[in-house]
Amino acid sequence: MYNTFLRNLSILCISATLLFSQDVILTLDGGNLNYDSNSGISGYQLFHNGCIEGASGGATADAGFTASVSSGVLLAFSFSGASIPEGTGTLVVLDGDVTEDCITGTVFSGPGGVALDVEIQSDDSGGADYIV
């Protein structure tokens, strides 16, 4: 009975960890889109309502990514297969009237094209605005 209890407790702890963990946490500080990632980032898309007019710099440029902005999407990836290493820093500097509310969705990929869980946090509250 004790072994069954320990096994069930282990399963519960692992499940809770996986359920509440995020691969990438994003915060917006002015035009700087900052990230905290426990996985490498091989490419990403930010869907927006037209607020992003340009994107440059940060870890996106450091990794040699190509960043392209349209009226509703920012797409960033590497033609050479490079990735942004796990860690923290400025992902990209965004031009325009950018707020957390104007970013309507995200798609982030890790090594091998694995989908990454992303959370966008409000820089002033520390709490999640939403999880994508």
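I take a contact to mean heavy atoms within 4.5 Å. The model I examined is predicted.

**Entry 1, overall composition.** With that cut-off, I looked up contacts between residues at least 6 apart in sequence, and found that 65% of them join residues at least 24 apart. I counted two helices and eleven strands in the protein. Read from the N terminus, the elements follow the order α-β-β-β-β-α-β-β-β-β-β-β-β. Of the 132 residues, 36% are buried.

I traced an open sheet of five strands, paired antiparallel in the order S5-S6-S3-S8-S9. I then turned to S3 and S8, which run antiparallel and are joined by six bridges. Here Phe47 stands opposite Gly105 in S8.

I applied a limit of 2.5 Å between cysteine sulfur atoms, and the count came to one disulfide. The pair is Cys51 and Cys102, with sulfur atoms 2.0 Å apart. Cys51 lies in the loop between strand S3 (43–48) and strand S4 (52–56), while Cys102 lies in the loop between strand S7 (87–96) and strand S8 (103–109). The two cysteines are 51 residues apart, and the pair thus links distant parts of the chain. I computed a torsion of about 65° about the S-S bond of Cys51 and Cys102, so the disulfide is right-handed. I also checked burial, and both Cys51 and Cys102 are buried.

Key
Residues numbered from 1 in each chain as written. Predicted model: local features only at pLDDT ≥ 70, side-chain atom pairs only at ≥ 80, totals over all residues. Heavy atoms only, no water. Helix = DSSP H or I, 4+ residues; strand = E, 2+ residues; numbered from the N terminus. Buried < 20%, exposed > 50% of the residue type's maximum accessible area, 1.4 Å probe, protein only. Pairing = 2+ DSSP bridges.
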